[in-house]
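Here is a short briefing on one protein chain. Look over the sequence and the fold, then read the points below.

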Amino acid sequence: MPDAEDVRRIALSLPDTTEKVAWSMPTFRVAGKMFATMPEDETSIAVRCPKVERDELVLAEPDKFWVAGHEAQFAWVRARLAALEDEEELRDILADSWRQAAPPRLLDVHPELGLPSGG
């Protein structure tokens, strides 16, 4: 089961990523744009996710994904770390969120990270 240190290690391994504390929690940013947060209890993460995909994820795997009330109007989803299959799934989730926040110049330089979901 992935934990908070896995989140930090994987997120910071993505190109041009920095960690910044905001709202009393670690946030991870690419080129200044936030792509992941880890709430205080460090049992989940919030990541970017297009609303249509987010709603499908929550319906398909409600034990794994949910939407926090204050994030409902935004394209973000929460994932429970304990419900993730392994570190590879965590890496896929973080990389997908990174791609959605990364500027085109980084996407061009890192084609191995693929294209953003839904775009």
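Predicted model: local features only at pLDDT ≥ 70, side-chain atom pairs only at ≥ 80, totals over all residues.

**Overall fold**
- The protein chain has four helices and six strands.
- Starting at the N terminus, the order of elements is α-β-β-β-β-α-β-β-α-α.
- The radius of gyration is 13 Å, close to the 14 Å that the globule rule gives for 119 residues, so the chain is as compact as a globular protein of that length.
- The C-alpha trace spans about 35 × 30 × 25 Å along its principal axes.

**Inside the chain**
- Buried residues account for 45% of the 119 residues.
- Take the contacts between residues at least 6 apart in sequence: 48% of them join residues at least 24 apart.

**Charges**
- The protein chain carries 14 positive and 23 negative charges.

**A look at helix H1**
- Helix H1 covers residues 4-13.
- Its buried residues are Ala4, Asp6, Val7, Arg8, Ile10 and Ala11.
- These buried residues pack against four strands: S1 (17-22), S2 (25-30), S3 (33-37) and S4 (44-48).
- They also pack against helix H3 (87-101).
- At the start of H1, Asp3 has a side-chain oxygen that comes to within 3.1 Å of the backbone nitrogen of Glu5.

Definitions and conventions:
Residues numbered from 1 in each chain as written. Heavy atoms only, no water. Helix = DSSP H or I, 4+ residues; strand = E, 2+ residues; numbered from the N terminus. Rg over C-alpha atoms; globule rule 2.2 N^0.38 Å. Buried < 20%, exposed > 50% of the residue type's maximum accessible area, 1.4 Å probe, protein only. Contact = heavy atoms within 4.5 Å. Lys, Arg positive; Asp, Glu negative; His and termini not counted. Charge placed at Lys NZ, Arg CZ, Asp CG, Glu CD. Polar contact = N/O pair within 3.5 Å; in protein donor to acceptor, adjacent residues only side chain to side chain.
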